[in-house]
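Reader: I'm new to reading protein models. Could you walk me through this one, a feature at a time?
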Amino acid sequence: MTATQGRVRPRAIGTPLDRLDGRAKVTGSARYAYEQPVGEPVYLHAVQATVARGRITGIDTEAAAAVPGVLAVLTHRNAPRLADTRDAELAVLQSDAVAFRGQFVGGVVATTSEAARYAASLVRTTYDTQPHDSVLRPDRDDLYAPESVNGGFATDTEQGDVEAALASAAVTVDQTYTTAMNHNNPMEPHTTVAVWNDGELTLYESTQGVHMVRSQVAPLFGLQPDEVHVVSPFVGGGFGSKGTPHAPVVLAAMAARLVPGRAVRFALTRPQMFFVAGYRTPTVQHIRLGADRGGRLTAISVDAVSQTSRIKEFAEQTAVAARMMYAAPHRRTTHRLARLDVPVPSWMRAPGECPGMFAAEVAMDELAEACGLDPVELRIRNEPATDPETGRPFSSRNLVACLREGARRIGWERREQAPRSRREAGHLVGLGVAASVYPVFWMPGSSATVRAGAGGRYTVSIGAADLGTGTWTALAQIAADALEVPVERVELRIGDTAFPPASVAGGSSGITAWGSAVVHAARRLRETYGNAPPDGAEATGETGDNPATERFAMYAFGAQFAEVRVDEETGEVRVPRLVGVFAAGCVINPKTARSQLVGGMTMGLSMALHEESHVDGRLGQVANHDLAEYHIAANADVGDIDVSWIDEDDPHVNPMGSKGIGEIGIVGTAAAVANAAHNATGVRVRDLPITLDKLLGDPGAGNGPAVRRR
Amino acid sequence: MKPFAYRRADDVAAAVALLSQDRHAVFLGGGTNLVDHLRLGVATPDTLVDVSRLPLDRIEELPGGGLRVGATVRNSDLAADPLVRQRYPVLSQALLSGASGQLRNAATTAGNLLQRTRCVYFQDVTTACNKRDPGSGCSALGGYQRYHAILGASPECTATHPSDMAVAMAALDAVVQVVGPDGERAVPIGDFHRLPGDRPHHDTVLGHGDLVTAVDLPPLPETVRSRYRKVRDRASYAFALVSVAAALDVRDGVVADVRIALGGVAHKPWRASLAEQELRGAPATEDSFRRAAEAELAAAQPVDGNAFKVPLARNTLVATLRELTGGTPR
Amino acid sequence: MRVTFTVNGRPQEADDVWEGESLLYVLRERMGLPGSKNACEQGECGSCTVRLDGVPVCSCLVAAGQVQGRRVDTVEGLAGEDGELSAIQQAFVDAGAVQCGFCTPGLLVAADELLEHNPSPSDGDIREALSGNLCRCTGYEKILDAVRLAAARTGQGV
């Protein structure tokens, strides 16, 4: 049997059940990783490199070791040797080489966190410094093509003859767009509590996947997977930065090895999160569009450049959305990387689609302007019948419906086509639109166990994660419907490797993968034991395969609209209104789903207006590495956000008919805001974030449209 | 954080004496700036002398219509004080535009005056900074200077003063009351903060052991209208890119008196004397406001990445003066 | 040093407190009250908000010695002795204002104080009172809804 055979009949599914973990969180009793009761813990504080590239020539730990309460000082000289050092990001303290500023070069274990922190500040390190190169510039001559990009996608694609099509197009857009380096900054810093007992390692970890941590950490220490236990019931946000293990968990496990039997608590400080916890690479995207006079695309060309670290490759899949979004007979995309002396980039909410759709959707706005077309109409005209990349039909694609409903909700008819036409009380006001898209990923490898208890109750176990996304609640609803019992009779157990394997909470794939496994397990239990299984009866199910993924292109779509107000004199930008309409299949829980989508759009707004990690190329580090200087949207920056979704029945994606919603909310927001800012002011901002200095002054000066009309 | 001793002072004399005895002692007020600096390693004192409970927490009327604000009056209490709101709206607005409710509840008047720059290099002990470590160099020059000075900077330091409150006080000609090892003295606020010159590690003219006990606000004529306008990268909870504190007295369409201070543009709250000079006796019109702003900013020397502050300061000043004359925002 | 203060209405004593410790550290590591969160330790996020003598402050920036003899209220003190949620806590659950939950304790303490002094706050009042609390998940909308809901319910005497 395959996991998608037969839809689950929705009863709890589709209801706005209150978050089941709500009570624990509002009373302060939810225990996050750092707060797990572990007897008498000791504390770890990291020592970081102060050069961007070089070798450690001396490391003086004497003063640190002399601080009262200090139990151990770790350096590359005394750190445990790892059994597997192939992943250079995780090969912590294995050599004297420094590959980026802020890299861990040591750690101090002490009986209090304050003593550990103070002692860490006393470690004196000298370096043989080498020249470094830490700033992404698109005009470098050493850009290279990776073998593939994140997600396993092809690096380059080409169909038709793009150059010829562009040369003969009636209208073209030829522009370069940039997105800033962003740091995920979940509110909970990356945290590990590590303890070794009898050669086995237990990690209380703030992570998006306990089994993923187990499988990656075990080989580092020469352990079998079942000798590593990972516990993570509550996670204070991740947004991708806790999706793969980074250096901190390794440093904590090493430190704990020096004090066997005692738990080592380790939390990054907020500034440290700008060095060793992943981030979104900056991107530079050269986009060329060719169209006929009616706005029908003939050619799409995207050349995306991003950065990676010299020690480990991460290739943001920036251009993949352009491959499937709109119909055009001639298409090419490329990805190139600059290998720099920087921390390793990683996942941040909708890697690829998020920066890629900023550039593509602003380019579409520029094309609409060049064609004299309404931007909503332009997108509708370029709606493909099938996936342009593969030729497969879409399992469902309702972008047009989202565009029309969003236009109605924002009052699109009030939009003036000509920029700078609407003034209200000293402010220029404009409206903008952009499309959203996110793939439905099918991640195999999860399994779930359903066990019958007394009184018609069931326990459902799966090593899944809830980062605040709503897994605790939504998975319980799915289990209840699969078992055809009320939600109150289901007890869910997640966030522990003691439970069956589950894929990582990433790629908006969690509910598809874990929900499919839970449904499968519930059906097996019913098949074996009927409707009244004996106490203790148990069945395990798997995510399995979904053959429909071979026949259909599967994506969620959305349309986002923004109203922007710009102070004519100061350039201050405000976004009083955002509208998002999504087509994401069956919505499991409208309450938690709305939160996910509003939150995603807010992070998109934050990306549009605020977020930028400024690299100081001389130092090789992010200069503004704290929350005072790295701005994320605060309460007053967020206006009215109107989120809705259209009814969409997709029988192919999974037994629930659901598509992931964790990431699509951030895709397109920044473009909608930039397009609205252009409509308001006439200034086309192609470089995020849209700070006031970019809107201050003459709209025509140097930032005009590079469009050609024949 | 480096270990230190903690002492609580019961009165002003004891506080000054405690500090005078110890070269490496510092006063602790609300803690919102110093505790952060202790943790970052920016401040490394041997002793903290807690002055937050000194009996300096009152706002009193001065003869002639002014106010004396005690050094330990919390920012939130000062902003909400009915007399402050009535007589010095610019000050109340400035306070409320700063930081967050939690920080204003803890921060004191003296602490706000004495808060240190938010230059990212000053805050990062792994980089060179003449203010933190005299003689080590200035990392900001050639670096990230979006928030840095366009007026009065030196090759040693381009940092800006982060306070909003102090900008309003500068426009109000406040007087800082100080008790030190050598007795009491009054320092006009214009002389209180320093430009960096070649000694950027000195933010103010205070010496070791000097304790701010109060800030006096002189009376304003009833015809004066005042306002604080802050422009920043977020709608709230961010330091100023540019701010304007202005008090304007217009009679019969002519500027009888005006006081203007700019924030976010210099190492100290920047009293815009040239603009004031241009405006006194001039018609209260858009043209005058623009000429005044341009006169003040003619000497501006932006650094990499902050050239926008010059037009921004000009426009913000013009807009603020226009609003004070009752003009609707353009 | 020894620090004596009141936490959630109960007298507490902490011995061998190092002067450099923050109130947040004392609460989390010594008092067994980890509800107040450590997310930036710089007063830039509000996750550690507690009430000190009634007013919300960032406990990460309060030196331990400064709380001697004072009253501290944390998120753990909001619910009744019987476990019944306070109006603001219940409203956060009902309105869907909680996601990852890491900013939640600080927001609850700040919102609780707001409603105590201003039982029917305007949206502007709410945004102002909560402007020092960063949230990365929710987009703030449901948090505003929750405060409005709690205000409405309290006003009706529920």
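This is a predicted model: local features need pLDDT of at least 70, side-chain atom pairs count only at pLDDT 80 or more; totals for chains, interfaces and linings use all residues.

Reader: What about contacts between chains? How many residues does the contact take from chain A and from chain B?
Author: Chain A puts in 29 residues and chain B puts in 26 residues. On the chain A side, helix H3 (residues 113-122) gives the most, with four residues. The residues on the side of chain A that touches chain B divide into eight nonpolar, 10 polar and 11 charged.

Reader: Now chain B. How many helices and strands does chain B have?
Author: Chain B has 12 helices and 12 strands. Its radius of gyration is 19 Å, close to the 20 Å that the globule rule gives for 330 residues, so chain B is as compact as a globular protein of that length. Its C-alpha atoms fill a box of roughly 60 × 50 × 35 Å along the principal axes. Of the 330 residues of chain B, 60% count as buried.

Reader: Why is helix H5 of chain B called largely enclosed?
Author: Start with the test: a residue is buried if 20 or more other C-beta atoms lie within 10 Å of its own. In helix H5 (residues 89-96) of chain B, seven of the eight residues are buried, so the rest of the structure largely encloses this helix. The buried ones are Val90(B), Leu91(B), Ser92(B), Gln93(B), Ala94(B), Leu95(B) and Leu96(B).

Reader: What covers the buried residues of H5(B)?
Author: The cover includes both helices and strands of chain B, among them helix H3 (75-80), helix H4 (82-87) and strand E10 (240-251).

Reader: How should I read a sheet?
Author: Strands of a sheet pair through backbone hydrogen bonds, either parallel or antiparallel. Here's a case in chain A: three strands form an open sheet in the order E4-E2-E6, with antiparallel pairing. The edge strands, strand E4 (97-98) and strand E6 (124-129) of chain A, each pair on one side only. Two bridges join strand E2 (residues 54-60) of chain A to E4(A), and the bridge partner of Gly54(A) in E4(A) is Val98(A).

Reader: Let's finish with one residue. Is Phe102(C) buried or exposed?
Author: Phe102(C) is buried, with 29 other C-beta atoms within 10 Å. You'll find Phe102(C) in the loop between helix H2 (87-95) and helix H3 (104-117) of chain C.

Reader: Which residues is Phe102(C) in contact with, leaving aside its neighbours within four places in sequence?
Author: From chain A there are Met187(A), Glu188(A), Gly236(A) and Gly237(A), and from chain C there are Lys37(C), Ala39(C) and Ser47(C).

Notes:
Residues are numbered from 1 along each chain as its sequence is written. Chains are lettered from A and ligands numbered from 1 in the order in which they are written. Two residues are in contact if their C-beta atoms, placed from the backbone, lie within 7 Å. Ala, Val, Leu, Ile, Met, Phe, Trp, Tyr, Cys and Pro count as nonpolar, Asp, Glu, Lys and Arg as charged, and the others, Gly among them, as polar. The radius of gyration is taken over C-alpha atoms; the globule rule is 2.2 Å times the number of residues to the power 0.38. A residue is buried if 20 or more other C-beta atoms lie within 10 Å of its own, exposed if 12 or fewer, and partly exposed in between; C-beta atoms are placed from the backbone. Two strands pair if DSSP finds at least two bridges between them.
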